[in-house]
Amino acid sequence: MSSRKCLSSSVSVPPNGSAVLEIAVHPCRVCLLSTHLVAQIHIQPLRGHNSRGTALRPMNPVLTDNLSQQPPSEQEVREKLERRLGRVHARQRLGIERDHESIFGHGINFFHIENWYSIHSLLRIALKLTGLYWQGRKNSARIQVRHNRIRRRNLPSSFDGFTILHISDLHVDMNQEPMQRLAEILPTLQYDVCVLTGDYRGATYGPIDQAMEGLAGVCSHLKGPVYGVLGNHDTIRMVPALEEMGIQMLLNESVMIRRSHQRIYLAGIDDAHYYRVENFEKARRDIPSHEFSILLSHTPEIYRQAAHADFDFLMAGHTHGGQICLPGSIPLMLQSVLPRHMAAGPWNYQEMIGYTSVGVGTCIVAARFHCPPEITLHHLEQA
């Protein structure tokens, strides 16, 4: 087998306790990653965060082999999650998941069409009868790369030009064509950090193996470090597999990203739309009030809480921009409680800048109209 270049990483811990991620290019016989070094980034896990330092691991290209092995028992999953998240958070999330497999009630919305599986087939049939289904399916694979500039006075000068790749709402197991197109696009992009804002699987409950296997394929094209949060389609049982892939999950937690003796903070909250297990106090507690801070949330519906918690920039997804829209990108339905101008793209609320991704994948039915899928490069700039 011919050799190719790939990345390896090493971690050193100086006396001050901060971890330094060093990435070097070297020849390797087998590697699924295609990337290059943009910058050296120092990552400081904050108090209460995952002490195992999963963000410092490279993407794991052999995860699919692990997925084919005997799945862990319920007790083993619970023990892993309790060690990772703490007993209260783990038991609370697992318990709520068992209670919430319903169409009506729970969460921010009363009606949850994504849980009503029988209606999904009816919608597909209706689109096929109108002759629009196959065009909508083609539209769902036409992923656009958008650029968004974030200008803030309190951004440290070392982070001027820092670029964040934002990917949301993959719904991997029901979007094969978009995933194939995404795999073609990702190696061509230049960025410093990647963030994922939830909804990795298509269903809202049930098996996760197919979604995790597909997501491992996507991750093989990503450059680390990679951070993520869970969405309303995601079970907490995914966390061990996600972190084995090299995705550092931020579940009401935060990390420090250091560059040339300056720093910014990245926080993430657990799903606030359906499971309602977000905790802003935990996510924010180790971030100084004057420092530049970014929040990852699956849903933008918590924009008020985020702004009053003094976050500078909120990245979210969940809405799909409506997915099926009238000309002019006017959504027919938004399964979200928020002003419509916040359902897609950039927006502001008080002093906070926000961005809602329309996502890569589709939900309920694999079709898009007047709402093309997207991934976004956010460019930080010092005002």
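Salt bridges, each defined as a side-chain nitrogen of Lys or Arg within 4 Å of a carboxyl oxygen of Asp or Glu, come to a count of 15 in this structure. The structure is a predicted model, in which local features need pLDDT of at least 70 and side-chain atom pairs count only at pLDDT 80 or more, while totals for chains, interfaces and linings use all residues. Residues are numbered from 1 along each chain as its sequence is written, and side-chain values use heavy atoms, with hydrogens and water left out.

One of these salt bridges joins the side chains of Arg 93 and Glu 97, with 2.6 Å from N to O. Both residues belong to helix H3 (residues 87-99), where they are four residues apart, about one turn of the helix; helices (H or I, at least four residues) and strands (E, at least two) are DSSP runs, numbered from the N terminus. Arg 93 and Glu 97 are both buried, where buried means under 20% relative accessible area, exposed over 50%, and partly exposed in between, with a 1.4 Å probe and protein chains only. The two residues also take part in a network of salt bridges that links them with Arg 237 and Asp 270.

Other salt bridges connect strands. Glu 374 and Arg 146 form one in which the closest N and O atoms are 2.7 Å apart, and because Glu 374 lies in strand S17 (residues 374-382) and Arg 146 in strand S4 (residues 144-152), the pair ties together parts that are 228 residues apart in sequence. Glu 374 counts as buried at 2% relative accessibility, whereas Arg 146, at 31%, counts as partly exposed. A salt bridge also forms between Glu 381 and Arg 151, whose closest N and O atoms are 3.0 Å apart, and this pair links S17 with S4 across 230 residues. Here Glu 381 is buried, with a relative accessible area of 17%, and Arg 151 is exposed, with 51%.

Strand S16 (residues 352-356) is largely enclosed by the rest of the structure, because five of its five residues are buried. In a regular strand the side chains alternate between the two faces of the sheet. Met 352, Gly 354 and Thr 356 point one way from S16, and Ile 353 and Tyr 355 point the other way.

Two strands pair if DSSP finds at least two bridges between them. Strand S12 (residues 313-316) runs parallel to S16 and is joined to it by four bridges, with Ala 316 opposite Thr 356. Strand S15 (residues 345-349) runs antiparallel to S16, with five bridges, and Asn 348 has Ile 353 as its bridge partner. The hairpin of S15 and S16 has two residues between the strands, and in this hairpin Gln 350 takes a positive phi near 55°.
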